Amino acid sequence: MKMRINWVILCALTLLVIENSVIPWLVPPGWSDRLLPHLCFIMTLFVAGFAGRHTAFLIGLGLGLLQDLLAYGHLIGPYGFGMGLIGYLAGLTAERKSFTIGFFVWIVLIGGLMLDSIIYFIYKLFRLTDLQFAQVFYWQVAPTAILQLFIALLLYVPVRRFLVKPSHSSGDDSPE
Amino acid sequence: MSGIFRLMRNKRLFILMIGLILFIALMGFTLGRTRLTWPEKFINDAFGTVQGALYRPVGAVADFFRDLDRLSDVYKENEQLRQTVAQYTQDQIKFNLLEADNKRLQEELNFTEHQKNMDNYRYLIAQVVGSTSNPYEKTITINLGSRDGVKPQMAVRSVDGLVGLVSKVKNFTSTVTLVTDLDPNSSRGTPVSATFLGKPDSFGIIEYDDETGTLQMTKIDERDKPDVGDKVITSGLGSLFPKGIIVGTVKSSQVGDFGLTYTAIIEPAAKFDHLREVFIVVVPEVEEP
């Protein structure tokens, strides 16, 4: 399968803008530091599933760095590193197995947990946070990953229909 | 030795290690930098502008629905406001007299022009155009930049109280670090000195405790025991930071780390999420002789 990469990038940039401007308003007030979905990251995982690991790596790296740049307060790089790495790993696993929606659910869930954990350990490494991992995991990482899973499921059908080119060789058409 | 070579032959691991080193170098390099290069400024400005076009209308709609929810409280709130206004008119008369007195005394004591204008802060109204989804960088973006005279370390307040500090300035937008990101114990943040309203000699430093998620005022002298309900305002000591911005009210107090000082837990006056409009406080500049 192939993806329309130009459209993917355009969509990812739109998602990045939405992530920074619309999502904060949709999250209820008490939850604003618990639910922080990364829409670009979900897009990277779609790319990993449909277009292969190398493309996913590049897209993840680029979008992650962009996201870091926009949030720049202390560091540039955590999301660039995390999203690049997880994009590649997700692509690697997706190439070994058939890419079904059940498999995709696991990728989004585990990828989300891994990404936020990597970010936490980077900030811990530079002594920018002194929270315990268990607390962060319960407070922010787990709720965010579950929310990301729901958003990914919502996006699944539109992405398949509009961004994935049906391949001619395998006869795998767009969903009915 | 051969083990190392076999490791090197594994291309993926090798690239991962190089990537890790490069990224740690990048993060170390960008840590604690205040100046930005022009590509960073350009990208931030571009995204800031587009985000603003979405953030503000969405915020207006969200606020409208939230206001509908609060419609039943309006009567009570109106009653409260009426009392406050009555109080305010009283205070205004007193304030005018005191101000006139103060001016006369300053005149008699030959204050310099700079000393006279020290407390005349200018406020720049800025619209919030975005926040971030990074849990460890609590920042918001506002739509004023170096073109409008914004400089790093300026105080930012909302109608309710202190919100944060300007951390990175771009041409048309700037990034504000929230008060909840100020922690002098770790390698980040600028200490904000504070005092209690009504106890001008008291002194403390505003900190944020990540673990309990509360705002604190630490290093308070023994003689100024904080009482519950005391108002905490910025003190302006250190002259960089303006004085008289409300930070919050004391919720509880305890003896500090070594038993020599007090620590007060503060209920912040400003809300830090769902912000729409903030003010940047511009302190009059000292003219170089």
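1. Helices (H or I, at least four residues) and strands (E, at least two) are taken here as DSSP runs, numbered from the N terminus. On that reading, chain B holds five helices and 12 strands, and its C-alpha trace spans about 85 × 50 × 50 Å along the principal axes.

2. This is a predicted model, in which local features need pLDDT of at least 70 and side-chain atom pairs count only at pLDDT 80 or more, while totals for chains, interfaces and linings use all residues. Residues are numbered from 1 along each chain as its sequence is written, and chains are lettered from A and ligands numbered from 1 in the order in which they are written.

3. The predictor's confidence in each residue, pLDDT, runs from 0 to 100; chain A averages 86, and 94% of the residues score at least 70. Over residues 169–176 of chain A the pLDDT is below 50, and this stretch has 11 contacts in the model beyond near neighbours in sequence, a contact being two residues whose C-beta atoms, placed from the backbone, lie within 7 Å. Where pLDDT is low, the predicted coordinates should not be read in detail.

4. Where the two chains meet, the contact takes 35 residues from chain A and 36 residues from chain B. On the side of chain A that touches chain B, at least two residues each come from α1 (5–21), α2 (23–26), α4 (53–70), α5 (78–96) and α6 (101–125) of chain A, with the largest share, four residues, supplied by α1(A). The residues of that side divide into 21 nonpolar, 10 polar and four charged, where Ala, Val, Leu, Ile, Met, Phe, Trp, Tyr, Cys and Pro count as nonpolar, Asp, Glu, Lys and Arg as charged, and the others, Gly among them, as polar.

5. In chain B, six strands close into a barrel in the order β1-β2-β5-β4-β3-β12, with antiparallel pairing; two strands pair if DSSP finds at least two bridges between them. Neighbouring strands of this sheet are turned by 45° against each other on average, direction ignored, the axes being lines fitted to C-alpha atoms, for helices over the stretch in contact, and angles running from 0 to 180 degrees between N-to-C directions. Helix α3 (residues 38–69) of chain B packs on the sheet and touches β1 and β2 of chain B, its direction making about 85° with that of β1(B).

6. Within that sheet, strand β1 (residues 122–131) and strand β2 (residues 139–142) of chain B pair in the antiparallel sense over three bridges, and B:V128 has B:I142 in β2(B) as its bridge partner.

7. Burial can be followed from the chain to one residue: a residue is buried if 20 or more other C-beta atoms, placed from the backbone, lie within 10 Å of its own, exposed if 12 or fewer, and partly exposed in between. Buried residues make up 31% of the 289 residues in chain B. B:G248, in strand β10 (residues 246–255) of chain B, counts as buried because it has 24 C-beta neighbours inside 10 Å. Its C-alpha atom is separated by 5.4 Å from that of B:V232, 16 residues apart along the chain.

8. Two helices of chain B deserve a separate remark. Two of the 20 residues of α2(B) are buried, so α2(B) lies largely in the open, and zero of the 35 residues of α4(B) are buried, so α4(B) also lies largely in the open. After α2(B) comes B:G32, whose phi is positive, near 70°, and after α4(B) comes B:N110, whose phi is positive, near 55°.
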